[in-house]
Amino acid sequence: MVEATIALRLPRDAASVPLIRQLLDGTLRSLGVEPQVRDDIELMLTEACSNVIKHAGPSDDYTVSASVHDHLCVIKVVDTGNGFDPRKMLDPDQGSEHGRGLQIMRALADDVRFTNRREHGAVVCLEKRLRYAPGAAGQHLTAT
């Protein structure tokens with residue numbers, strides 16, 4: 001059995017998103033996770049981080065942790081902003097280019113949880129089941 005965890009504290013800046021994306025994708029690629037699953041994870045992660053960068057004022061940084069355990073990838077994006085209530089988020093207008101992040105995360109993740117920590121920010125937890133290419137390292141390391 002293998003368990004891999006990546007955790008980074010990042011500046012609340014758009015330049016931080018490619019860094020965590022590349023680190024996580026490299027780990028998943030090394031384990032042999034199928035490209036379509038890696039693409040879904042990359043998009044979910046991008047949306048979660050982008051929401052923090054755009055909306056998590058007044059925080060200066062945020063934390064991303066991603067863990068792979070057996071056939072599951074769990075990503076947590078934690079900010080120290082004012083938090084939000086995902087139930088009060090309105091669906092974007094048809095054709096709108098903004099406001100689709102939550103919809104994208106919900107569509108791609110197997111499980112999405114939002115935790116609002118009043119006056120201490122928010123936690124977005126995304127889970128995705130992993131599929132491995134035949135003969136992949138991750139497939140052999142996670143076999144029980």
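With which residue does Asp 111 form a salt bridge, and how far apart are the closest N and O atoms?

Guide: This is a predicted model. In it, Asp 111 forms a salt bridge with Arg 113, and the closest N and O atoms are 2.3 Å apart. Side chains of opposite charge can pair when their charged atoms come close. Asp 111 has a relative accessibility of 29% and counts as partly exposed. Arg 113 is likewise partly exposed, at 35%.

Strand β4 covers residues 111-116, and it is one of the elements that the buried residues of helix α3 pack against. The others are α2 (35-55) and β5 (122-129). Helix α3 itself runs over residues 101-108, and its buried residues are Gly 101, Leu 102, Met 105 and Leu 108.

In soluble globular proteins, nonpolar side chains tend to be buried together.

With its neighbours within four places in sequence left aside, Val 64 is in contact with Ile 6, Ala 7, Leu 8 and Leu 10, among others. Its contacts also include Ile 20, Leu 45, Cys 49, Ile 75, Lys 76 and Val 77.

Back to the charged pairs. The count of salt bridges comes to nine. One of them joins Arg 9 and Asp 61, with the closest N and O atoms 2.6 Å apart. Arg 9 is in strand β1 (residues 3-11) and Asp 61 is in strand β2 (residues 61-69), so this pair ties together parts that are 52 residues apart in sequence. Arg 9 is exposed, with 65% relative accessibility, whereas Asp 61 is buried, at 18%.

Another salt bridge joins Glu 34 and Arg 131, where the closest N and O atoms are 2.9 Å apart. Glu 34 sits in the loop between α1 (16-31) and α2, and Arg 131 in the loop between β5 and α4 (137-141), so the parts tied together are 97 residues apart in sequence. Glu 34 is partly exposed, with a relative accessibility of 25%. Arg 131 is also partly exposed, with a relative accessible area of 43%.

The last case goes beyond a single pair. Asp 25, Arg 29 and Arg 38 are linked in a network of salt bridges. Asp 25 lies in helix α1 and is buried, with 13% relative accessibility. The side chains of Asp 25 and Arg 29 are joined by a polar contact of 2.7 Å. A polar contact of 3.0 Å is made between the side chains of Asp 25 and Arg 38.

Definitions and conventions: Residues are numbered from 1 along each chain as its sequence is written. This is a predicted model: local features need pLDDT of at least 70, side-chain atom pairs count only at pLDDT 80 or more; totals for chains, interfaces and linings use all residues. Side-chain values use heavy atoms; hydrogens and water are left out. Buried means under 20% relative accessible area, exposed over 50%, partly exposed in between (1.4 Å probe, protein chains only). Helices (H or I, at least four residues) and strands (E, at least two) are DSSP runs, numbered from the N terminus. Contact means heavy atoms within 4.5 Å. A salt bridge is a side-chain nitrogen of Lys or Arg within 4 Å of a carboxyl oxygen of Asp or Glu. A polar contact is a pair of N or O atoms within 3.5 Å; within protein, one must be able to donate a hydrogen and the other to accept it, and residues adjacent in sequence count only if both atoms are side-chain atoms.
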